[in-house]
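Biologist: I have a new model open and would like to learn how to read it. Could you take me through a few features?

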Amino acid sequence: MREKTIKEEVQFSGISLHKGKISNLKLKPLPENSGIVFQYRNHKIPLSPNVVVNTNMATSIGNGEVEIFTIEHLMSAVWSLGISNLLVEMDSVEPPILDGSSIQFLEKIEDVGVVEQESRRPIFIIEKEITIREGDRYVSISPNREGKFSIYSKIDFANRAIGVQEFSIDIDLDSYRKEIAPARTFGFLQDFERLKSQGLALGANLDNVIAVGESEIVNPEGLRFQNEFVRHKILDTIGDLSIIGVDFVANYRAFASSHKLNHKLIQKLLSDKSNYRVEYS
Ligand SMILES: [Zn+2]
């Protein structure tokens, strides 16, 4: 696969999830070998695992002076399109949450179009199993002999509106668009006041979050998938892994994954070059 960028500029506007501010974000094409670059005012932050500064509730990046929050839904869509080079210009420190999923990012970028560039995009062929554990939670990545990027994710919430959910998928653009991109983020009504007091979820509403009550879904329209929650976990995971800027041939498996565990996984993966080999198809 060759590196890609977008054909022309595309803009997204709307409220941000945690800061609760109106956010205008412009995506602009970049030349090959530029990578993904976030720009806020005069701060330019090239995306890499080294700039991840916070993984509590969302994945945030920073340069010591500014922090940009909740990049994972945008990045998940950008990765699924195979985009390597992109300027993300923002007038606020968090992208708009839109409908809480990545489908609007994906569709609007597809509408303006994606173009191939000269350089080849690296593929990480995972050669060893790596697992990160925290209590009964884990995330792991291991070799896939069929040349696929297969994801299995499981969650188990005491809340009966969610319960146990699991989902397996071989990721490509079509399967991502259909099965993963529409899955929305979610939150519990009982956590809402506490999060707000911490300056989080200030922009959350029923148009951008699945709100879960004691045992019911609050949103009048209900769910997009019966197991929308675990599918959103996969959406987030793809956003988190995309920070390396490569494609994967791997099996990813998780129980109760989190941004924090995914970040530790990519750090451990990158810490030893014998964990993977790099190919250019
Ligand atoms: Zn999410």
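Modeller: Strands of a sheet pair through backbone hydrogen bonds, either parallel or antiparallel. Here, three strands form an open sheet in the order 6-7-8, with antiparallel pairing. Strand 6 (52-54) and strand 8 (67-68) are at the edges with a single partner strand each, so one side of each has no neighbour in the sheet. Strands are DSSP runs of E with at least two residues, helices are runs of H or I with at least four, and both are numbered from the N terminus. Two strands pair if DSSP finds at least two bridges between them.

Biologist: Before we go on, what kind of model is this?

Modeller: This is a predicted model: local features need pLDDT of at least 70, side-chain atom pairs count only at pLDDT 80 or more, and totals for chains, interfaces and linings use all residues. Residues are numbered from 1 along each chain as its sequence is written, and side-chain values use heavy atoms, leaving out hydrogens and water.

Biologist: How many bridges join strand 7 to strand 8?

Modeller: Two bridges link strand 7 (residues 60-62) to strand 8. I61 has I68 in strand 8 as its bridge partner.

Biologist: Which strands does strand 3 pair with?

Modeller: Strand 3 (residues 22-29) pairs with strand 2 (residues 10-15) over six bridges, in the antiparallel sense. With strand 9 (residues 86-90), strand 3 makes five bridges, again antiparallel. For individual partners, look at I15 with I22 in strand 3, and P29 with L86 in strand 9. The hairpin of strand 2 and strand 3 has six residues between the strands, and G20 takes a positive phi near 70° there.

Biologist: Which residues coordinate the zinc ion?

Modeller: For a metal site, look for donors, meaning N, O and S atoms within 2.8 Å of the metal (3.2 Å for Na, K and Ca); water is not among the atoms, so sites may look incomplete. The zinc ion is coordinated by H73 (NE2), H232 (NE2) and two OD atoms of D236, at 2.1 to 2.6 Å. Along the chain, the donors follow the spacing H-x158-H-x3-D.

Biologist: Where do H232 and D236 sit, and are they buried or exposed?

Modeller: H232 and D236 are four residues apart in helix 5 (residues 228-241), so about one helical turn separates them. Both H232 and D236 are buried (buried means under 20% relative accessible area, exposed over 50%, partly exposed in between, with a 1.4 Å probe and protein chains only).
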